[in-house]
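This briefing is meant for a reader who is meeting the structure for the first time.

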Amino acid sequence: MVASAAFEAVVAATRFGYAARGDELSAIAADPRGWVTRQIDQPVRPTFPADLPPSQRMVAALLQMRRDKQQADRKAFNDQVRDVYFAELTARTNAAVSSPTPVIERLVHFWSNHFTVSGFRPFVRGFAFAFEREAIRPHVTGRFVDMLLAAERHPAMLLYLDNALSIGPDSIVGQRRDKGINENFGREMLELHTLGVDGGYTQADVIALARILTGWSVARLNDAEPGTFKFYPQIHEPGPKQLLGKVYAEAGEQEGIAALRDLANHPATAHHIAFKLAQHFIADTPPRAAVDEIAKVFRNTGGNLAAVSKAVVALEAAWSKPFGKMRRPGDMVTAACRAANFTPPAPFLAGGLRTLNQLPFYAPSPAGWPDDAASWVSPEAVLHRAEWCETFANRLPGPPDPIMLASATLGEALPADTLEAIQRAPSRRAGVALLLAAPEFQRR
Amino acid sequence: MACCPSSRRQFLGLVAGGAGVFTLASLPGAVFAAVPGDRRFVVVLLRGALDGMAAVAPIGDPLYQEKRGAIALKPPGGPGGTIALDRFFALHPALGAIEPYYRNGALLFVHAAGNGYHTRSHFDAQDLMETGLTVKQGESDGWLNRAIVLLQGGDKARLGLAVGGAVPLILRGKAQVASWEPQGVGAIDNDLIAALGRIYARDPLLGPALAEGIKAQAFSSSVLGDDTMAKGGMGFGPKAFAALADAAGKLLAAPRGPRIAALDMGGWDTHVNQGAETGRLAQNMEGFAAGLDALAKAMGPAWHQTVVVAVTEFGRTVAVNGNNGTDHGTASVVFVMGGGVKGGRVAGDWPGLAQLQDNRDLRMTTDARAVMKTVLRDHFGLARNTLDTKVFPDTAGIKPFDGLLRA
């Protein structure tokens, strides 16, 4: 199927961004693929409110609260965490709604899901968004190895995956106390962040990596910079370790850095990342050739994520089956906000996303949110989606003309029956609700 | 924005607490202004275009039965039949709950009323109905908000109340208004589900999931004894309207409460299977009448100082369409109710059915803004000149009624 430029503009805006608005579609139609790649070449960093706390401050507050264990302090801390969560959610949504480079926002969300930290472990809630801002965002068009190092060394990840408490049995502390390795971090890093579950590693590799990473922890209140990464030699497992057939000589903190560099360059990692990108941007079951092509670019460029992202855009498969992907609820909500150019109050956003089962940074496991329609389309979920669209439409201050909104958002991809249904809607708000709930908006 | 809504299921802006808690004393910042005579005014916006000829049927018109065909109502008399209002007009039986108000002189109808514009677009028509303008302009505030600004004088205290979801256009503008919305009204509007059902039919994932979802919801509704799906959805549909109206009444009745309120009721866009004495439109009317009754009862003694006006954006075609429904038309009927009304009659000029607007619609003989001007002049004492220039700009030709209200 050869799509018109006008049609491809819609695909570009929805598949690689969130949703077009105003006159964007006509501008994109001049060069739909270029519209995507230019953003990757020239990302615009959103301006975040100055009062969003860096993770260091929130981690230090957590440590303080844990040390004091006072009931009143706990309540004050929880209130602070809730306030920060709402402020962060608003800021993140605003960024996606107003960014001139929405493709970058999509990539940021993709990668922070790849390196999931989750409020299912409550202590993470206060600094999950900060983690994304500090460890993920700076690297989405940089090198994978730099993102990997930034994410794994971030206190949010070290706390979430228990490495802060992982103690080498033969370390100075380990010899004194009967405490040991925590494998969780090493296992998830291999399975989820780098090689992938079929990446060819063994249980021995999991333990070796966990040993290598002992000592990677978070500075305590007595330390110089509480709440930042700190290497504690006294809990680091001494001696050489063998990971994936390679021996890492004892090198303290540097062992882990060397191991992560090797994992980032491993061909299995290239394939794993390529599959996830292809599944996110192309199809639930992406064509093998597409995955291979992305993996090849990953390998050939040493994990240059700008090149890798552009490789996705360059694939015919990324354009040939428009609206083949179901939007996940979070993407649907963000796309609706962007289309309507309106960010509702944080409690409304959070309430809706909770009902839709995708409250940001509350993924049920370190694997993050699934990326296939089967995980998201159930009878109840579809009703919830429609209900959310209606509620959101009712929330819009001064509802836009739904026909104009439909044309600005879906352009050439707006089917006649959807248009007719919108035209027949009994009110503007009902028309907007219909547009947002329409298959073409629920999909991308 | 006048308030900071947080969740559809929560009270907004003002009222803290669970559903059914209407105490104003505890409302932070809820300082409401006083108006002359402590009078109340409620505007009900019937969105989707009410078939005025079904609500108040011109049974006496010689062409009525012939022109309406399958959806014509039978003359008064039989059980479940229409209710005679006078020798010419009959009330739809589903509106029976408001008949006593008519008999007591607290309800009148202005028939063949429109809004002075020619568009059959719901969106444009509702905008004009709410802005009070004759032609579409870019941004505008709502006419009721403009009236509130005038009534407030320099007083910054609030006077207006939006009941339902967001603040509707009619109440948006310079004057701050409060807003209230019920808890537990969250189910999806049945019209939206029906429309989605049609466009999801071609979607291999969403189609079957929606169908299953509806079945599951219908099941739980039947178990819970809640037949809202069958009755046209909750949302702002027939069932929910009584709850909204009751809440509005209680808030308006409070000694230092709001004095002017707007509330919405949808479900009037009866393109398909409109029905006659019974059916879809009848069900909606039943909910509407129950709501007006609930509003009146909730207001208690304050009902004597109250005028309620219910308007719709346009009427519907005289003839039935190919789906036993009616399409977008021109004139409809306006409901004027309350202790302040000199009621018990059908006002306005009946244009007859011999000559139709564009050969299809009931012609408009009264601009509904004449009714609104009457209320603002006789109930609140705003000057005619102000009404013609500020509340409804460039409408000097639209004269208020004399003797519509007790005033």
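In this predicted model, the domain assignment divides chain A into domain 1, made up of 5-41 + 326-442, and domain 2, which covers 161-264. Taken over C-alpha atoms, the centres of domain 1 and domain 2 of chain A are separated by 42 Å.

**Chain A as a whole**

- Chain A holds 24 helices and four strands.
- The radius of gyration of chain A is 23 Å, which is close to the 22 Å that the globule rule gives for 444 residues, so chain A is as compact as a globular protein of that length.
- Along its principal axes, the C-alpha trace of chain A spans about 75 × 55 × 40 Å.

**Packing of helix 3 against helix 16 in chain A**

- Helix 3 of chain A (residues 32-41) packs with helix 16 of chain A (residues 305-314) at an angle of about 170°, and the axes of the two helices are 10 Å apart.
- Because angles over 145 degrees count as roughly antiparallel, that angle makes helix 3 of chain A roughly antiparallel to helix 16 of chain A.
- On the side of helix 3 of chain A, the contact involves A:Arg33, A:Val36, A:Thr37, A:Ile40 and A:Asp41, which meet A:Ala306, A:Ser309, A:Lys310 and A:Val313 in helix 16 of chain A.
- By class, the residues of this contact between helix 3 and helix 16 of chain A divide into four nonpolar, two polar and three charged.

**Contact between chain A and chain B**

- The contact between the two chains takes 36 residues from chain A and 35 residues from chain B.
- On the side of chain A that touches chain B, the elements that give two or more residues are helix 19 (346-355), helix 20 (379-395), helix 22 (416-424), helix 23 (428-437) and helix 24 (439-442) of chain A.
- Helix 20 of chain A gives the most to this side, with ten residues.
- Sorted by class, the side of chain A that touches chain B has 21 nonpolar, eight polar and seven charged residues.

**A sheet in chain B**

- In chain B, three strands form an open sheet in the order 2-4-3, and their pairing is antiparallel.
- The edge strands of this sheet are strand 2 (56-57) and strand 3 (83-84) of chain B, each of which pairs on one side only.
- Strand 2 of chain B pairs with strand 4 of chain B (residues 90-91) in the antiparallel sense over two bridges.
- The bridge partner of B:Val56 in strand 4 of chain B is B:Leu91.

Terms used:
Residues are numbered from 1 along each chain as its sequence is written. Chains are lettered from A and ligands numbered from 1 in the order in which they are written. This is a predicted model: local features need pLDDT of at least 70, side-chain atom pairs count only at pLDDT 80 or more; totals for chains, interfaces and linings use all residues. Two residues are in contact if their C-beta atoms, placed from the backbone, lie within 7 Å. Ala, Val, Leu, Ile, Met, Phe, Trp, Tyr, Cys and Pro count as nonpolar, Asp, Glu, Lys and Arg as charged, and the others, Gly among them, as polar. Axes are lines fitted to C-alpha atoms, for helices over the stretch in contact, and angles run from 0 to 180 degrees between N-to-C directions. Angles under 35 degrees count as roughly parallel, over 145 as roughly antiparallel, 65 to 115 as roughly perpendicular and the rest as oblique. Two strands pair if DSSP finds at least two bridges between them. Domain bounds come from an automatic or database domain assignment. The radius of gyration is taken over C-alpha atoms; the globule rule is 2.2 Å times the number of residues to the power 0.38.
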